[in-house]
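Reader: Please take one part and look at it closely: how do the strands go together, and what surrounds them?

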Amino acid sequence: MTTNVDVTQKLEKEYELLRKQLDALLSGEPNLYANLSNASALLNQFFDRINWVGFYLMEDGELVLGPFQGLPACVRIQVGKGVCGTAVERKESIIVPDVEAFPGHIVCDAASRSEIVVPLIKNDEVIGVLDIDSPELDRFSETDRIGLEKVVETLIKHL
């Protein structure tokens, strides 16, 4: 019988492998957009049950759409607005089990039901966010948050 502990440990190992794959994929490439493009493609391949994965980057005090996988998305998001802007304002990851219950949620894809956003912090400054949406309610766990924060730490080394 598989327990929650077994599932969590398996997911933690998968995130560790993902982090190593990302590090190898980006090694030696200095271009921001090439690295974020490959990171979004790798994350899209890694996750099941998602409908959007990508990056928003800080530019002139707001988030601007960067490389992503999925349907066309909102281009600009103000700091403090929506899940992405709130993650920037708080400088912390946010898991939203039901986007319809999040005050001020910005709808880019009507199929999205849950979301996780991890800020990209370099030299104590938020330079952007990783945003992942799912058409399922409550898709993302604390294990996902921890795993993605480690993946983002690896990514930041290449930006």
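Author: Two strands pair here if DSSP finds at least two bridges between them. Strands (E, at least two residues) and helices (H or I, at least four) are DSSP runs, numbered from the N terminus. The model is predicted: local features need pLDDT of at least 70, side-chain atom pairs 80 or more, while totals for chains, interfaces and linings use all residues. Residues count from 1 along each chain as its sequence is written, and side-chain values use heavy atoms, without hydrogens or water.

Start inside the sheet. Phenylalanine 55 has leucine 130 of S6 as its bridge partner. Strand S1 covers residues 52–59, and S6 covers 125–134. S1 and S6 run antiparallel and share six bridges.

Now step back. The sheet is open and has six strands. Read across, the order is S3-S2-S1-S6-S5-S4. The pairing is antiparallel. What stands at the edges? Strand S3 (76–78) and strand S4 (94–96) do. Each has a single partner strand, so one side of each lacks a neighbour in the sheet. On average, neighbouring strands are turned by 25° against each other, direction ignored.

Contact means heavy atoms within 4.5 Å. Axes are lines fitted to C-alpha atoms, for helices over the stretch in contact; angles run from 0 to 180 degrees between N-to-C directions. Helix H2 spans residues 32–46. H2 lies across S1, S2 and S6, where S2 is residues 62–70. Its direction is about 155° to S1. Helix H3 spans residues 82–90. H3 lies across S1, S2, S3, S4, S5 and S6. Strand S5 is residues 114–122, and H3 runs at about 35° to S5.

Two other helices line pockets. Helix H1 (4–26) and helix H4 (142–156) each give at least two residues to the lining of the largest pocket.
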